[in-house]
Amino acid sequence: MALWPLLAIALAAQRIEQAVEYARRMLPPPQQLLQEPVRATVDNAVHAWDAGRPAETEDLLRQAVRAAGDLGYL
């Protein structure tokens, strides 16, 4: 849960690589399991980054932040 504000701040500052690292840290245990569709969006963003697609990554992270706000994570 503490990673969401950090991810949102990094994203707002256009620090996409740092935002991806926060997103990556949200996925493995022992982190709290993210609700869908946030989990899938975060996972897809990390995979997009790893595949060299930064624009898609940024779009997916923005979607994840909006959904996280809707779910009360932010």
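Predicted model: local features only at pLDDT ≥ 70, side-chain atom pairs only at ≥ 80, totals over all residues.
1. As general background, nonpolar side chains in soluble globular proteins tend to be buried together.

2. Setting aside neighbours within four places in sequence, Leu 61 is in contact with Leu 7, Leu 11, Ala 19, Val 20, Ala 23 and Ala 45.

3. Next, Ala 68, which sits in helix α4. Is Ala 68 buried or exposed? Its relative accessibility is 0%, so Ala 68 counts as buried. Not counting residues up to four places away in sequence, Ala 68 touches Trp 4, Val 38, Tyr 73 and Leu 74. Ala 68 and Leu 7 are 61 residues apart in sequence, and C-alpha to C-alpha they lie 11 Å apart in space.

4. Now the α1/α2 pair. These helices pack at an angle of about 160°, and their axes are 8 Å apart. Angles over 145 degrees count as roughly antiparallel, and α1 and α2 are therefore roughly antiparallel to each other. Their crossing is left-handed. On the α1 side the contact is made by Leu 3, Trp 4, Leu 6, Leu 7, Ala 10 and Leu 11; α2 brings Ile 16, Gln 18, Ala 19, Tyr 22, Ala 23, Arg 25 and Met 26. Sorted by type, the residues of this contact are 11 nonpolar, one polar and one charged.

5. Two backbone spots deserve a look. Most residues other than glycine have a negative phi, and most peptide bonds are trans. Gln 14 is not a glycine, yet has a positive phi of about 65°. Gln 14 is placed in the loop between α1 and α2, and with 48% relative accessibility it counts as partly exposed.

6. The other spot is the peptide bond joining Glu 36 and Pro 37, which is cis, with omega at about 5°. Where is Pro 37 found? Pro 37 is in the loop between α2 and α3.

Definitions and conventions: Residues numbered from 1 in each chain as written. Heavy atoms only, no water. Contact = heavy atoms within 4.5 Å. Axes fitted to C-alpha atoms, helices over the stretch in contact; angles between N-to-C directions. Helix = DSSP H or I, 4+ residues; strand = E, 2+ residues; numbered from the N terminus. Parallel < 35°, antiparallel > 145°, perpendicular 65-115°, else oblique. Left-handed = near helix turned anticlockwise from the far one by under 90°. Nonpolar A, V, L, I, M, F, W, Y, C, P; charged D, E, K, R; others polar. Buried < 20%, exposed > 50% of the residue type's maximum accessible area, 1.4 Å probe, protein only.
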